[in-house]
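We will begin with a single residue and then step back to the whole chain.

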Amino acid sequence: MTLDATNVYKSKGVEIPVYDFENFEPLLKVNDNKTRVINFWATWCKPCVAELPYFELINSRYSDNEVEVVLVSLDLPQHVETKLIPFITKQHIQSKVILLDDPDSNSWIPKVDGNWSGSIPATIIYKGNTSTFYERSFTYNELEKELKKML
């Protein structure tokens with residue numbers, strides 16, 4: 001599935017596609033037998049950063065099981081080259097990272113999930129038409145347990 005990025009940042013061998021919500025939204029509804037783990041996070045969010053290694057483990061351990069991990073950064077575009085890309089490089093992030101740049105969060109947050117207050121970290125695990133939304137942090141075991149419910 002190809003989304004139309006509004007921009008792509010490339011630096012230090014890292015490529016970060018940028019989407020507004022309209023171009024990002026189709027990623028929340030792909031129906032192709034893959035289970036998707038979509039995590040909303042930012043480099044300035046301590047609980048987000050603390051749980052990223054668990055998403056990385058899921059990404060590496062379940063790569064054969066038709067699982068795709070997508071890390072949706074809510075960092076500001078002006079911080080991509082100074083904060084986000086250095087962070088990804090330093091942490092050796094292998095999961096797909098995209099930047100959601102849509103300042104009208106009041107309009108798109110309820111479209112992600114009607115109960116989402118907008119705080120991060122937040123995660124969606126879905127396969128086909130079955131989706132579960134989590135507005136919380138995970139341990140690895142909790143994340144894997146929730147993922148297995150969708151597999």
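## A buried arginine

Arginine 36 has a relative accessibility of 4%, so this residue counts as buried, the cut-off being under 20%. Keep in mind as you look that the model is predicted.

Leaving aside residues up to four places away in sequence, arginine 36 touches Leu27, Val30, Glu68, Ile124, Ile125 and Tyr126.

## Aromatic rings

Now try colouring the aromatic residues. How many aromatic pairs does a search of the whole structure find? The search finds 8. In one of them, the ring centres of tryptophan 41 and phenylalanine 87 are 5.6 Å apart and the ring planes meet at 40 degrees, so this pair is tilted; planes under 30 degrees apart would count as stacked, and over 60 as edge-to-face. Tryptophan 41 sits in strand E3, while phenylalanine 87 belongs to helix H3 (residues 80-91), so the pair ties together parts that are 46 residues apart in sequence. Are these two residues buried or exposed? Both tryptophan 41 and phenylalanine 87 are buried.

There is also an aromatic cluster to look for. Its members are Phe21, Phe24, Phe40, Trp108, Trp116 and Phe133.

## The whole chain

Let us step back. The chain has 5 helices and 7 strands. If you trace these elements along the sequence, they come in the order β-β-α-β-α-β-α-β-α-β-β-α.

What about overall size? Along the principal axes, the C-alpha atoms fill a box of roughly 40 × 35 × 30 Å. A compact globule with 151 residues would have a radius of gyration near 15 Å, and the chain's value of 14 Å agrees with that.

Buried residues make up 48% of the 151 residues in the chain. The accessible surface comes to about 7,900 Å², and carbon and sulfur atoms account for 46% of this area.

Finally, consider who touches whom. Among the chain's contacts with a separation of 6 or more, 66% are between residues 24 or more positions apart.

Conventions:
Residues numbered from 1 in each chain as written. Predicted model: local features only at pLDDT ≥ 70, side-chain atom pairs only at ≥ 80, totals over all residues. Heavy atoms only, no water. Buried < 20%, exposed > 50% of the residue type's maximum accessible area, 1.4 Å probe, protein only. Contact = heavy atoms within 4.5 Å. Phe/Tyr/Trp six-rings, centres within 6.5 Å; stacked < 30°, edge-to-face > 60°. Helix = DSSP H or I, 4+ residues; strand = E, 2+ residues; numbered from the N terminus. Rg over C-alpha atoms; globule rule 2.2 N^0.38 Å. Areas by Shrake-Rupley, 256 points an atom, 1.4 Å probe, with all protein chains shown as cover.
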